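Thanks for coming. I will take a few minutes on one model and keep to its helices and aromatic rings.

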Amino acid sequence: MPSPNSAFTDIVTTTLQGYSGELADNITNHNALLRQIDRKGNMTDATGRSIVQELEYATNGTVMWYTGSEFLDISSQETFTSAEFNYKQIAANVVINGLEEIQNSGREAIHNLLKSRIRNMEKSIKNAVATSLYADGTGTSGKEFGGLALLVPDVNTNTVGGISGSTYSWWRNYVYDFSTLSVTASSTTMQNAMNLAWINTIRGTDKVDTIVAGQSYFLFYLASLQAQQRFTDTTKAGAGFGNLVYAFGGNTPVIYDDQCASTRMFFLNTDYLFMRKAKGRWMKTLGDKSSVNQDAMVVPMVSAGNMTISNRARQAVICA
């Protein structure tokens, strides 16, 4: 039986195709961490068999003081290598069955139906991506993004991008663990932990620019501040995200994220954090598909990429 509205599938598919870019922007702007990564220009395309992230692991050893005609060091230097990350994929579908197609055969009715389905899909994708930013990459049988629990973990000797933190000390983030240090996390101990995290990640002017915290640690920090110090700066974190600032760190934003574990606070230098998007496959709408054994039409939206890091030593986590 022919469709009661031959343009129905075209409207659905083209509407979603036009929405792909808007959805990608909404996902970025929905999350303070992704927004900061994007502001640094670190939401970049990836191509090839895997995602290769270049990183600098050593300084040039030929630097030397000399006098007169003293021989200079011209030995070959290896200061760069690469970490390798797998693509992770996520998908969502807009599904419309035959009865809905008949009942919504008018153009306006179609768009109204689409809007409600798209809004639901957008919220669902936002939530999945937001959660994955703090994941360790093992969720849903290893299909999820490798987020901060992998890149800036409590146990910093793990392997990230094929490089072992156990073997290479330069490939470890700083960890302040209240439990290991036999310190009770509280409003009176939080600022000292933060100060140590800051000092252990700074290198000249290269420093943490974003601090993200879960509920308990954010509230401990809030309670530790004097009344006149409780101010916010929405310009750094991005419009719409309420945050405190860490004054010792040059008014670095301290952002509460409900997706972050309650007893975690991440000190992040986002110059070295990336969201690598599979080129041509980021929030991309595929063609409509008819179900083989159902009276339904499915329009998939797919995305692929992963979070990567190029310098773990400039990152820190406070945990318990």
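Predicted model: local features only at pLDDT ≥ 70, side-chain atom pairs only at ≥ 80, totals over all residues.

Residues are numbered from 1 along each chain as its sequence is written, and side-chain values use heavy atoms, with hydrogens and water left out.

Start with helix α2, residues 32-39. Helices here are DSSP runs of H or I with at least four residues, strands are runs of E with at least two, and both are numbered from the N terminus. At the start of α2, a side-chain oxygen of Asn-31 comes to within 2.9 Å of the backbone nitrogen of Leu-33. Which residues of α2 are buried? They are Ala-32, Leu-33, Leu-34, Gln-36 and Ile-37. Buried means under 20% relative accessible area, exposed over 50%, and partly exposed in between, with a 1.4 Å probe and protein chains only. After α2 comes Gly-41, with a positive phi near 75°.

Next, the helix pair. Helix α7 (residues 190-199) packs on helix α8 (residues 215-224) at about 105°, and the axes are 9 Å apart. That makes the two helices, α7 and α8, roughly perpendicular, a label for angles of 65 to 115 degrees. The axes are lines fitted to C-alpha atoms over the stretch in contact, and angles run from 0 to 180 degrees between N-to-C directions. From α7, Met-190, Gln-191 and Met-194 meet Tyr-217, Phe-220, Tyr-221 and Ser-224 of α8, where contact means heavy atoms within 4.5 Å.

Now the rings. How many aromatic pairs does a search of the whole structure find? It finds 10. Rings of Phe, Tyr and Trp (its six-membered ring) pair if their centres lie within 6.5 Å; planes under 30 degrees apart are stacked, over 60 edge-to-face, and the rest tilted.

One of the pairs is Trp-198 with Tyr-246, edge-to-face, at 5.8 Å centre to centre and 65° between the planes. Trp-198 lies in α7 and Tyr-246 in strand β9 (residues 243-246), so the pair ties together parts 48 residues apart in sequence. Trp-198 is buried at 5% relative accessibility, and Tyr-246 is buried at 1%.

Phe-218 and Tyr-256 form a tilted pair, because their centres are 5.7 Å apart and their planes at 50°. Phe-218 is buried at 12%, whereas Tyr-256 is partly exposed at 36%.

Last, ring pairs link Tyr-176, Phe-178, Tyr-217 and Phe-220 into a cluster.

Definitions and conventions: Polar contact = N/O pair within 3.5 Å; in protein donor to acceptor, adjacent residues only side chain to side chain. Parallel < 35°, antiparallel > 145°, perpendicular 65-115°, else oblique.
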